[in-house]
Amino acid sequence: MRLTKYLENQSKFVLITLGLLLLLLIAGIDAFISADVSLSIFYLIPIFFTTWYAGEAPGIFISIASSIAWIIANDIIGQTHHTHPGIPYWNAAVRFGFYLVTTYLLSELRTSRDREKKLARTDSITGIANQKLFYELSNLEIQRASRYGHPITLVFIDLDKLKKINDKLGHKMGDKLLQEFAQTIYGNIRGTDIIARIGGDEFALLLPGTGYEPSQIVVERVQKQLAETVEYHQWHVSFSIVAITFMNAPKSVDEMLEKADFLMYTLKTSGKTGIEHKIEC
């Protein structure tokens with residue numbers, strides 16, 4: 001597992017170089033053993049390695065190199081004799097075709113795997129983090145805040161009347177509304193902040209290392225931009241925003257969300273509008 005992560009973090013140049021070294025090792029062995037023993041299948045090792053970690057194009061490059069290496073190892077160094085001079089090139093072409101198909105199928109498999117992995121961690125409608133990924137990232141930020149004594153702020157945004165939009169204008173319009181909300185929020189936060197859709201009409205925003213006053217500025221900016229977005233599209237919806245700044249790191253993500261949920265409940269039952277922001281010491 002650690003080796004896989006290590007390789008996935010390497011540059012394409014390093015991965016292609018490693019693929020070529022594997023290829024040279026196999027071709028070298030192939031050149032010095034009996035011509036009666038075929039090592040064709042072992043050439044798939046550098047092809048598999050390069051395609052999986054570096055991509056389809058590098059995999060095709062290694063496939064070509066493998067076909068050439070096979071000719072050199074078997075027909076030039078190995079001095080294999082054929083009834084026709086074109087036979088080794090025909091054999092190389094057949095092997096290249098096989099390697100090429102293998103490269104394509106492996107590339108498609110890796111693409112599908114990456115797509116499924118992404119879908120499992122992102123919201124399918126808005127493209128931002130889902131609840132699972134939000135928990136993972138927030139746990140890391142809580143640990144960091146606890147280690148360094150930094151404050152951390154959770155912002156909770158609840159979109160009202162989404163169901164009415166879906167019922168009257170259709171789910172396509174409801175999805176567009178959610179997408180616009182997500183894009184508006186994302187466009188008004190830092191790259192280190194975490195935004196997620198954690199419910200049908202609920203968004204969570206985590207601001208690591210952000211105290212009360214800086215986070216209040218962010219919240220007010222987000223509220224203003226969301227209000228302008230709603231007015232621009234003439235959507236008959238409203239939204240509520242609550243924020244909690246934890247001066248000391250909370251014990252868990254669940255604790256943060258429970259306190260934000262209670263604050264949202266208090267805001268709505270009181271009939272107030274706007275922003276409710278409190279400090280948790």
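Is F98 buried, partly exposed or exposed? Let's look at this residue first, and then at some other aromatic rings. The model is predicted, so to speak of local features pLDDT must be at least 70, while side-chain atom pairs count only at pLDDT 80 or more and totals for chains, interfaces and linings use all residues. Residues are numbered from 1 along each chain as its sequence is written, and side-chain values use heavy atoms, without hydrogens and water.**View 1. F98 and Y99 form a tilted aromatic pair.** F98 is partly exposed, at 47% relative accessible area (buried is under 20%, exposed over 50%, partly exposed in between, with a 1.4 Å probe and protein chains only). Y99, at 1%, is buried. Their ring centres are 6.0 Å apart, with 55° between the planes. Rings of Phe, Tyr and Trp (its six-membered ring) pair if their centres lie within 6.5 Å; planes under 30 degrees apart are stacked, over 60 edge-to-face and the rest tilted. The count by this rule is four aromatic pairs.

**View 2. F181 and F239 meet edge-to-face.** Here the centres are 5.7 Å apart and the planes stand at 80°. F181 belongs to helix α8 (residues 171-186) and F239 to strand β4 (residues 238-246), so this pair ties together parts 58 residues apart in sequence. Helices (H or I, at least four residues) and strands (E, at least two) are DSSP runs, numbered from the N terminus. F181 is buried at 0% relative accessibility, and F239 is buried at 16%. Ring pairs also bring F203 into a cluster with F181 and F239.

**View 3. The charged end of R95 sits over the ring of W70.** It lies 3.7 Å from the ring centre. A charge sits over a ring if NZ of Lys or CZ of Arg is within 6 Å of the ring centre and within 35 degrees of the ring normal. R110 lies over the face of W52, 5.0 Å from the ring centre.
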